[in-house]
Amino acid sequence: MPSRRAFLGAFAAGTAGLAIGFRWQEAAGQAAPAPVTPMLRSNPRLDSWVRITPDGRIVVLTGRVELGQGVLTAMRQIAAEELDVAPERIELISGDTAQTANEGVTAGSQSIRFGGEALGVACADARATLLGVAATQWSMERAALGVRDGVIEGLGGRRMTYAEAASHVSLVRPVDTTARRKPPMAATLIGTSMPRTDIPAKVFGRQVFIHDMRPEGLLFGAVARPPGYAAKLVSLDMDWARGLPGVVAVVRDGSFLGVVARREEQANDAARKIVAAARWQDGAALFGGKTAFDHLLTAPAETRTIHTTEAGPAGARSHRAEYRRGFQAHASIGASCALARWDDGRLTVWSHTQGPFPLRGDLARGLRMQPDAIRVIHAQGSGCYGHNGADDVALDAALLARAVPGKPVRVHWTHEEEMVWEPWGSAMVVRLEAGLGADGGLASWAHDVWSFPHSTRPGGSSGCNLRSAWYLENPVPPPRATDGALPNGAAARNAVPIYAVPGQKVTTHFHAEMPVRTSALRTLGGYFNVVAAEMFMDECAALAGQDPVAYRLRHLRDPRLVAVLQRAVALSGWQPRPVTLGRGRAQGTELVGTGVGLSKYKNSDSHVAVVARVAVDVGSGAVRVQRMWAATEAGRAVNPDGIANQIEGGMVQSASWTLMEEGRWDGRRMTSEDYHAYPIIGFGQVPAIESVLIDRPDLPALGVGEGSQGPTGAAIANAILDATGRHVPEVPFTPERVLAALRA
């Protein structure tokens with residue numbers, strides 16, 4: 001197997017592709033093709049998805065990147081299925097601005113739904129094209145041909161390799177978007193639990209992660225961070241700083257301060273000493289001294305009603321509730337890292353960014369250069385599932401590497417730096433109001449959400465969303481933050497109810513200005529909107545004196561949601577009963593309860609129901625999740641085991657968010673800079689999980705990676721309500737907050 005460097009060099013030399021070609025036409029009279037996926041509209045060239053080299057290599061390219069979610073395994077399955085080759089024969093290139101399609105950001109549970117569909121159509125087109133060559137040369141009907149592991153076979157023992165066929169036709173042309181993928185019943189790879197292709201190298205300690213890269217001549221960089229977000233550098237003795245041990249260069253550009261050294265510990269030590277020696281001017285206090293929730297509810301906001309339906313009869317009574325969620329971090333166990341090198345005015349950056357092309361655009365703006373002079377190559381890093389420091393550290397590395405041209409510079413943030421300086425998940429306030437009819441049914445539903453931005457990722461058309469660009473002498477400020485529109489939404493993601501209720505109204509109160517920088521944490525606002533709405537649903541069921549599951553079924557019209565709800569409660573052995581407000585279910589020194597949560601992620605993707613059983617310590621208020629059950633339906637399953645991993649991993653992450661995770665700050669910056677100040681769930685706290693998949697090969701594949709966080713948080717919250725009979729309004733449900741509710 002050739003090395004990656006040799007392989008990339010071969011393509012740079014132009015070994016792939018000929019001139020214009022054609023595609024074999026399928027039989028007439030078949031069903032009309034599905035609409036063209038957006039990824040093929042924006043990336044129409046076939047050779048940006050699949051290439052057959054003259055020496056017989058089968059190269060598949062994807063703009064999606066591996067974040068630990070197993071997406072490249074699924075992409076390999078899709079390509080191998082449509083090309084009729086063994087998965088291990090495929091050479092997969094991912095996230096390289098010099099080679100792959102621009103698929104934006106690997107986020108939002110969109111990789112399989114959009115990127116996988118585009119890749120599947122492209123590979124189906126390539127296969128049909130190569131078969132067409134053989135059919136023409138052999139004067140045979142298409143139906144008489146078959147493919148066995150990349151070898152076309154015809155009557156009379158005729159054989160032609162893909163490489164031979166490709167020598168007579170070009171894949172350098174637009175994808176034929178009418179190419180038809182294999183029907184599900186003909187699939188042999190899609191729908192099977194293929195082992196993850198990225199795991200063995202990680203288990204055996206091979207060089208996989210960007211943190212392990214050690215190119216020749218490597219130098220190490222570190223940034224001297226200001227003492228607060230709004231602090232400005234007044235002065236620094238540069239001569240003294242240059243004399244520190246191992247220091248190769250000290251970089252000052254406005255309030256951006258950094259150092260390049262021969263060894264990593266020298267760079268970090270020098271950065272700490274430089275921060276202490278520099279003179280800084282503090283800025284204004286965060287939130288003006290208020291709490292974040294007071295700031296959200298009282299500071300000027302952009303208020304918009306984004307969803308309404310016609311009102312029905314007025315309810316006989318109403319129910320109102322408010323729910324709050326604090327700032328939450330990505331808290332990646334491995335802090336962000338990047339490498340950069342300048343050669344003759346051109347910049348190459350290796351990054352574990354979720355969006356190589358968007359990052360390239362912001363690097364170009366921050367450095368005031370042309371995007372085509374920058375190459376961004378994805379290298380795996382610690383998973384974050386959101387906008388952590390991966391993009392920011394890339395600019396840090398580029399700024400420091402510019403001082404030592406021709407030398408690669410590696411910048412690896414400390415964990416404390418990651419926690420303090422990465423974008424945080426936004427604090428939120430949600431207020432819900434419902435009208436209930438005389439029979440307890442829902443007659444109206446109003447959902448109001450107050451929030452800071454949920455996406456300030458790189459990739460806009462102006463400004464720069466990389467933090468260090470804001471501190472330069474000639475700064476490139478960020479563009480004004482905007483709130484994502486429905487149907488995907490951002491602050492209001494999943495705020496539109498999944499239940500059949502007349503008189504729906506969803507209103508957002510959006511704060512574009514953010515005293516603490518916020519951005520995409522997995523699910524954006526979807527997690528907390530689901531938690532709040534599902535908590536509210538249980539409270540309404542309790543007021544109606546009805547079982548929470550029966551109450552949901554009464555208001556559901558989507559049979560796919562009904563199916564996952566019924567499957568999850570059957571799996572858990574649910575015992576129907578109404579929740580009794582104000583009175584718990586005591587079992588000795590603990591209160592034990594069971595709750596349910598349900599969502600259709602983004603109101604368009606995976607359907608997930610979760611049931612959780614918890615025990616609440618009556619003396620301390622500590623919540624222990626005993627067991628969780630889940631049912632998922634996401635259309636056609638490419639890799640069932642991969643879906644299970646995503647769903648169950650999301651359940652663990654959500655349990656941590658829901659019970660433990662919350663950031664703290666002082667007047668200048670976030671102070672939750674380690675796992676003592678910001679605890680996350682440990683192995684001993686992970687409950688037993690049982691999950692099932694409802695596979696629907698007759699339906700398109702839907703996004704699944706972010707589907708379980710909301711319903712899991714809701715199931716835990718509702719289990720606490722069932723156990724205690726008390727409303728606990730603020731996430732995370734810490735022992736102090738639960739105990740306060742018990743004593744209220």
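Predicted model: local features only at pLDDT ≥ 70, side-chain atom pairs only at ≥ 80, totals over all residues.
Leaving aside neighbours within four places in sequence, which residues is Ser336 in contact with?

Residues are numbered from 1 along each chain as its sequence is written, and side-chain values use heavy atoms, with hydrogens and water left out.

Beyond those sequence neighbours, Ser336 touches His211, His352, Asn388, Gly389, Ala390, Val393, Val411, His412, Trp413 and Glu418. Contact means heavy atoms within 4.5 Å. Ser336 sits in the loop between strand 13 (317-325) and strand 14 (337-343). Strands (E, at least two residues) and helices (H or I, at least four) are DSSP runs, numbered from the N terminus.

Ser336 is buried, at 0% relative accessibility. Buried means under 20% relative accessible area (1.4 Å probe, protein chains only). Arg304 is 32 residues from Ser336 along the chain, and their C-alpha atoms are 36 Å apart.

## Helices 16 and 17

Helix 16 (residues 640-659) packs against helix 17 (residues 709-724) at about 50 degrees, with the axes 8 Å apart. Axes are lines fitted to C-alpha atoms over the stretch in contact, and angles run from 0 to 180 degrees between N-to-C directions. The contact includes Trp657 and Leu659 of helix 16 and Ile716 and Ile720 of helix 17.

## Cysteines

The structure holds zero disulfides. A disulfide is a pair of cysteine sulfur atoms within 2.5 Å. Cys123 is buried, at 0% relative accessible area. Cys540 is buried too, at 0% relative accessibility.

Notes. Buried < 20%, exposed > 50% of the residue type's maximum accessible area, 1.4 Å probe, protein only.
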